Amino acid sequence: MALLRGKRWLLMVVVAGLIATQALGAADAPTENQVQAVFLFNFSRFVEWPPQAFAAPSDPFVIGIVGSDPFGARLDEAVHNEQINGHALIVRRFRSISEVDNCQILFIDRSEIARLGQILAALDHHSTLTVSQADGAAQRGVMIQFATENSRIRLRINVDSARAAGLTISSKLLRPAEIIGTDVKEQ
Amino acid sequence: MTGTIRRSWFVSALILYGGAATLAQADNASSIGELKQLNVEDLMNVEVTSVARHPEKLIEAASAIQVITQEDIRRSGATSIPEALRLADNLQVAQKNSHDWAISARGFNTALANKLLVMIDGRTVYTPLYSGVFWDVQDYVLADIDRIEVISGPGGTLWGANAVNGVINIITKSAKDTQGLYVQAGGGSRPEDLADVRYGGALSPDTQFRFYGKYVDRGSEVLANGDSASDAWRQGRGGFRVDSDASAQDKLTVQGDVYEGHEDEQAGGTSDTSGENVLGRWSRRFSDTSDMGLQSYVDRTYISNPAAPLIIGGLQFAGPGIFQDELTTYDVDFQHRFRIGTANSVVWGLGFRYTHDVVSNAPSLAFLPPTLDRDLYSLFAQDEVALRPDLSLTIGSKLERNDYTGFEVEPNVRLSWILNPNQALWSAISRAVRTPSRIDQDFSEAAPPHFVVLEGGSDFKSESVVAYELGYRVQLDQQLSASVSSFFNHYNDIRSTTITPTTLLPFFFANGLEGDTYGLEFTSNYQVSDTWSLHAGYTLLKEHLHVKPGQTDINDALNETADPQHQFSLRSSLNLPRHTEFDTALRWVDTLHTNNGPVVGTVPSYFELDTHLGWHASDHLEFALVGQNLLHNRHPEYGFPDPSRPEIERTAYGKFTWRY
């Protein structure tokens with residue numbers, strides 16, 4: 001079973017490769033969290049909320065995070081000085097669903113996934129776009145789930161959940177996304 | 001493989017008894033501002049990295065669990081599962097020679113270490129010959145491992161007998177996540193040759209498959225005087241996995257592996273190993289809070305080891321021979337999870353295992369009877385009660401019936417208190433047992449009609465532990481997380497080697513030891529920046545075993561432990577510009593007491609360093625240069641200090657990885 005007899009040759013190639021080819025000037029790969037933070041910002045532009053989502057025209061557009069915050073300053077940076085239809089974008093962080101009041105987007109960290117049923121029930125009758133990076137979140141009724149496949153961020157969108165909350169998701173988001181249905185037994 | 005039935009240990013014990021007794025922080029070129037300029041489709045095509053581990057998933061677990069992720073494994077440069085297990089701070093990992101490893105949690109890491117339960121995709125891989133693990137034959141295409149969960153502390157309630165000091169759960173990726181071609185090849189001073197190939201495809205939109213092959217050729221380690229330890233080995237393996245989302249609720253998995261290996265033995269001759277297994281699993285999700293799983297597997301393993309003659313004091317009691325073992329395991333498990341009201345989450349299950357073990361005895365070494373069939377039935381139930389939103393109590397027990405000792409009960413009580421989303425306290429009291437294995441009752445050295453000097457004890461019963469644990473986890477912010485687990489364990493009926501009254505010989509195994517151990521495990525991750533993460537780990541372990549009143553142990557209670565009191569690790573993962581990554585892992589292991597019979601021997605404490613330099617030349621091609629054990633030409637990690645003790649050499653290898 002003697003495969004690959006030329007191993008020392010291979011080693012030389014690796015070393016030579018590392019030394020010789022430092023010329024590629026491509027940008028370094030960003031982290032999952034950076035790209036997800038920018039997606040959260042983009043959702044504010046590619047999803048349409050019903051007018052009753054805001055109590056007053058001066059209300060801010062709130063991106064909430066419940067559970068551990070995976071984004072840190074990156075999300076604040078992404079929404080800094082941005083506004084949507086006159087509503088200033090702000091980020092708010094909640095320790096549990098009981099603290100959450102009106103927000104347009106709610107990111108449910110995977111640390112809160114054990115309480116997902118409770119969270120979704122509390123958001124019933126609210127026009128809140130729910131987003132999570134937890135495995136299987138979209139099947140369980142979360143509207144948009146981040147998944148990392150082949151080192152790229154994929155969107156899994158539960159259109160039924162979004163529609164039930166009165167939200168309209170732009171085809172710009174839907175086209176490259178994977179459309180997921182809620183498991184029948186879930187409800 | 002041979003380290004397991006290593007006779008020298010017993011023989012020496014007899015002889016001794018009868019005789020003399022940087023880091024520049026790279027700028028992250030892709031700023032949030034630049035990413036915001038991209039449209040949705042471009043954003044989805046941005047390649048992302050994840051240096052961050054995911055402790056947040058663990059924050060609420062009420063046990064001392066540590067998770068080794070795929071990214072951890074890749075960046076460590078590990079080429080085998082034992083090497084990857086060095087990434088868990090709550091394990092003691094020592095390489096004995098080129099092909100044998102000693103791995104345990106919370107101590108008892110002897111040549112016949114027997115208190116860990118190890119599973120690969122739900123298939124138990126410890127051998128009922130001695131309740132230990134043949135680490136040389138547990139392998140996989142490491143890139144297809146999703147994660148390795150390492151739980152220190154008893155896991156008997158959920159996992160069953162043998163989960164006395166810990167559980168290692170190796171979980172491979174679903175076929176859906178291993179699509180396309182993956183080729184990795186390389187070599188160097190060790191491993192000399194390494195080749196992995198995997199191909200994954202789809203049978204239908206809902207059904208994916210992969211198959212793989214792996215070949216490793218590893219050279220010999222050396223002795224203290226620089227001579228070869230003559231323990232080179234090579235192993236080939238292959239396998240497949242098919243996953244199907246049969247419906248919205250149902251998932252089906254079928255997987256299997258085959259392997260064959262040949263290992264040169266220091267004492268002369270070659271060991272042969274081979275095995276096959278096939279496993280099927282059906283899981284059905286009824287709702288958010290209710291699901292069930294049914295799993296069954298068949299596993300066959302074969303080993304053939306040269307057995308040295310039994311010579312004591314220059315007198316040959318039995319000649320050399322070949323020892324062989326062929327074990328076939330049939331296992332079926334069922335598990336069901338559901339809720340009662342809003343506060344109770346119940347999980348229960350049933351299991352049955354049948355093992356058919358056939359040994360071919362050598363004159364000097366035997367298991368009697370040579371053929372043995374065993375049945376194991378198990379039933380468990382556990383209820384997690386939400387006392388308050390932040391406080392949950394878990395109560396459960398396993399009930400097991402085995403052919404050696406009849407019924408065994410392994411209960412636990414766990415309390416988890418979530419102080420806030422970033423901090424949790426947990427505590428547990430649990431009991432677990434190690435039921436007898438073949439060595440405890442059936443062992444015979446040498447085989448009759450030769451004179452028997454050591455044999456199993458026909459009355460050998462289960463060893464047991466009652467463990468008290470207290471743990472704390474914190475995620476200070478996204479940058480810093482830490483976890484500390486402490487334990488106090490009381491062991492009873494631990495194995496001793498005692499004497500036959502009046503005739504002295506044969507010596508036989510009994511349950512003559514008891515004692516306490518205590519210690520703590522600390523682990524911490526610090527994300528210095530988007531491109532740099534640090535990890536630190538420390539374990540403290542104190543062991544106090546003694547001979548029970550009225551009992552005898554010819555080894556003075558010194559032969560069931562071989563562990564460092566302290567060990568720590570410090571690791572750095574750095575993403576450099578131009579798609580380059582650099583990882584270093586420094587470890588320090590305290591003095592190891594590897595006693596031989598009642599005679600104390602040690603492995604000196606040591607520092608060691610591993611490094612990994614990787615370069616992603618393109619989306620498809622990656623190069624890596626790995627150095628292992630760089631601080632010494634060679635150092636011992638295990639074994640009684642004599643001239644035949646193998647030492648582990650400094651090694652380096654290079655490899656390329658092609659993904660398409």
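A residue counts as buried if 20 or more other C-beta atoms, placed from the backbone, lie within 10 Å of its own, as exposed if 12 or fewer do, and as partly exposed in between. This is a predicted model, in which local features need pLDDT of at least 70 and side-chain atom pairs count only at pLDDT 80 or more, while totals for chains, interfaces and linings use all residues. Residues are numbered from 1 along each chain as its sequence is written, and chains are lettered from A in the order in which they are written.

**View 1. Chain A as a whole.** Of its 187 residues, 44% are buried. Chain A holds 6 helices and 10 strands, taken as DSSP runs (H or I, at least four residues, for helices; E, at least two, for strands) and numbered from the N terminus.

**View 2. The open sheet of chain A.** Its 8 strands follow the order β3-β4-β2-β5-β6-β7-β8-β10 with mixed pairing, where two strands pair if DSSP finds at least two bridges between them. Because β3 (83-84) and β10 (178-179) of chain A each have a single partner strand, one side of each is left without a neighbour in the sheet.

**View 3. Strands β6 and β7 of chain A.** Strand β6 (residues 129-132) runs parallel to strand β7 (residues 144-149), and 2 bridges join them. Ser132(A) stands opposite Gln145(A) in β7(A).

**View 4. Strand β8 of chain B between its partners.** β8 (residues 145-152) pairs in the antiparallel sense with β1 (residues 64-69) of chain B over 6 bridges, and Ile151(B) is the bridge partner of Ile65(B). β8(B) also pairs in the antiparallel sense with β9 (residues 166-172) of chain B, over 7 bridges, and here Ile148(B) stands opposite Ile170(B).
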